[in-house]
Amino acid sequence: MVKAREAAISKSKAAIISALRNVYFAAINNLANALIPKLNDLCIDQGASQLRDLVIDSRTTYSHNQSIQEFQHSIAKVIEDKLIGQVRESGVCSIMLDESSDVSVHQNLVVYVRYLEQAFGRLDARTSFLGLRQLDIANSDRIREQVVKLLVEKGLDVPKLAGIATDGASVMVGCRAGVVQQMKALSPSLLVSI
């Protein structure tokens, strides 16, 4: 009984790993989620028989849209954890901010993080997407609030922030109450780039 259970778990694990690889392949190649079951079928036709184990019964399958979304969230979490680990290991980071409206006229805040990474005995600057926040009001207080909230959620230390870069919009760089001035109050040694 124990051997049968271990064999079943091993088969399921191989199927899930293969499915995750296909979901990741689709994501990095900008393929629609609707193509993933067809991609799985193609792999089965080419001999990747472990993907047959994605079908549990006539109504339960790991190729369903809900399963694909859960796979995507799992992959995104692994990638995000790796990024945050690299940023923390760097010891120093800066952020780049931009506020814009989407086609549905919602105000959004896009945040990128710039950090140093050790590669081949030298430090290289890396820039990565950190987050997107929808703004109900696009004023400097709300933008600063969302930036701080995002950094805290990601486990990054706001007072250790080394720099901030943004466009020249007055909400960002206003001399009295702009986002940059408010962030400098939280991190006095903050360098500013416009």
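This is a predicted model: local features need pLDDT of at least 70, side-chain atom pairs count only at pLDDT 80 or more; totals for chains, interfaces and linings use all residues.
Biologist: Which residues have the most contacts inside the largest nonpolar core?

Modeller: In soluble globular proteins, nonpolar side chains tend to be buried together. In this model the largest such core has 27 residues, and Leu97, Leu151 and Met183 have the most contacts inside it.

Biologist: Which helices and strands each supply at least two residues of this core?

Modeller: They are the helices H3, H4, H5 and H6, together with the strands S1, S2 and S3. Helix H4 gives the most, with 5 residues.

Biologist: With which residues is Leu151 in contact, leaving aside its neighbours within four places in sequence?

Modeller: Leu151 is in contact with Ile95, Leu130, Leu156, Val158, Leu161 and Met183. There is also a second, separate core of 14 residues, which includes Ala15, Val23, Cys43 and Leu54.

Biologist: How many bridges join S1 to S2?

Modeller: In a regular strand the side chains alternate between the two faces of the sheet. Here 9 bridges join S1 to S2, and the two strands run antiparallel.

Biologist: In which sense do S2 and S3 pair, parallel or antiparallel?

Modeller: S2 and S3 pair in the antiparallel sense, over 13 bridges. Leu116 has Ala125 in S3 as its bridge partner. This hairpin has 2 residues between the strands, and Phe120 takes a positive phi near 55°.

Notes: Residues are numbered from 1 along each chain as its sequence is written. Side-chain values use heavy atoms; hydrogens and water are left out. A nonpolar core is a set of buried Ala, Val, Leu, Ile, Met, Phe, Trp, Tyr and Cys residues joined through side-chain atoms within 4.5 Å. Buried means under 20% relative accessible area, exposed over 50%, partly exposed in between (1.4 Å probe, protein chains only). Helices (H or I, at least four residues) and strands (E, at least two) are DSSP runs, numbered from the N terminus. Contact means heavy atoms within 4.5 Å. Two strands pair if DSSP finds at least two bridges between them.
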